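Please look through the model below before reading the numbered points. They go from the whole chain to single residues.

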Amino acid sequence: MGWLWAIIVGLVLGLIAKAILPGKQQIPIWLTIIFGMLGSVLGNAVATWIGVNDTRGIDWTRHLLQLIGAVAVVGLGDMLWVSVKGNKQRA
């Protein structure tokens with residue numbers, strides 16, 4: 001069940017990250033899910049590092065850090081995807 005939630009959270013965070021980023025991202029949906037999952041893990045790590053990963057009620061700070069992580073990973077991943085895909089088309 002944990003993997004199912006990770007995929008769902010990755011999809012949601014990845015799609016929100018794509019909506020926040022300016023321009024059109026060219027990564028496919030499966031990569032958006034993976035990048036969203038990685039961003040979530042990154043946000044959780046930062047939340048643990050600063051000590052806000054487990055609070056009473058809704059962990060708004062942790063969720064915000066997960067979203068920021070997803071935006072960063074989707075942005076960087078899209079740049080890498082375009083550069084790798086572009087190099088393959090030129091070769």
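1. How much accessible surface does the protein have, and what share of that surface belongs to carbon and sulfur atoms? The accessible surface is about 6,200 Å², and 72% of it belongs to carbon and sulfur atoms. Accessible areas here come from the Shrake-Rupley method with a 1.4 Å probe, and for residues only the protein chains shown count as cover.

2. A word on the origin of the values. This is a predicted model, in which local features need pLDDT of at least 70 and side-chain atom pairs count only at pLDDT 80 or more, while totals for chains, interfaces and linings use all residues. Residues are numbered from 1 along each chain as its sequence is written, and side-chain values use heavy atoms, with hydrogens and water left out.

3. The secondary structure consists of three helices and zero strands, in the order α-α-α from the N terminus. Helices (H or I, at least four residues) and strands (E, at least two) are DSSP runs, numbered from the N terminus. Along the principal axes, the C-alpha atoms fill a box of roughly 55 × 25 × 20 Å.

4. Of the 91 residues, 32% count as buried. Buried means under 20% relative accessible area, exposed means over 50%, and partly exposed is in between (1.4 Å probe, protein chains only). Among contacts (heavy atoms within 4.5 Å) with a separation of 6 or more, 64% come from residues 24 or more positions apart.

5. Helix α1 (residues 2-20) packs against helix α2 (residues 29-50) at an angle of about 100°, and their axes are 7 Å apart. α1 is therefore roughly perpendicular to α2. The axes are lines fitted to C-alpha atoms, for helices over the stretch in contact, and angles run from 0 to 180 degrees between N-to-C directions. Angles under 35 degrees count as roughly parallel, over 145 as roughly antiparallel, 65 to 115 as roughly perpendicular and the rest as oblique.

6. Which residues make up this contact? On the α1 side they include W3, I7, L11, L15 and K18, and on the α2 side they include I29, T32 and M37. By class, the contact of α1 with α2 has ten nonpolar, five polar and one charged residues. Ala, Val, Leu, Ile, Met, Phe, Trp, Tyr, Cys and Pro count as nonpolar, Asp, Glu, Lys and Arg as charged, and the others, Gly among them, as polar.

7. Two residues show the contact in detail. T32 in helix α2 is buried because its relative accessibility is 0%. Leaving out residues up to four places away in sequence, T32 touches G10, G14, L15, K18 and I27. L15 lies in helix α1 and counts as partly exposed, at 41% relative accessibility. With the same exclusion of residues up to four places away, L15 touches I29 and T32.

8. Q25 sits in the loop between α1 and α2. Is Q25 buried or exposed? Q25 is buried, at a relative accessible area of 10%. The side chain of Q25 reaches the backbone oxygen of P22 at 3.3 Å, and a polar atom of that side chain lies 3.4 Å from the backbone oxygen of G23. Not counting residues up to four places away in sequence, Q25 touches K18 and D78.

9. M79 belongs to helix α3 (residues 60-90). M79 counts as exposed, at 52% relative accessibility. The C-alpha atoms of M79 and G57 are separated by 37 Å, and the two residues are 22 residues apart along the chain.

Conventions. Polar contact = N/O pair within 3.5 Å; in protein donor to acceptor, adjacent residues only side chain to side chain.
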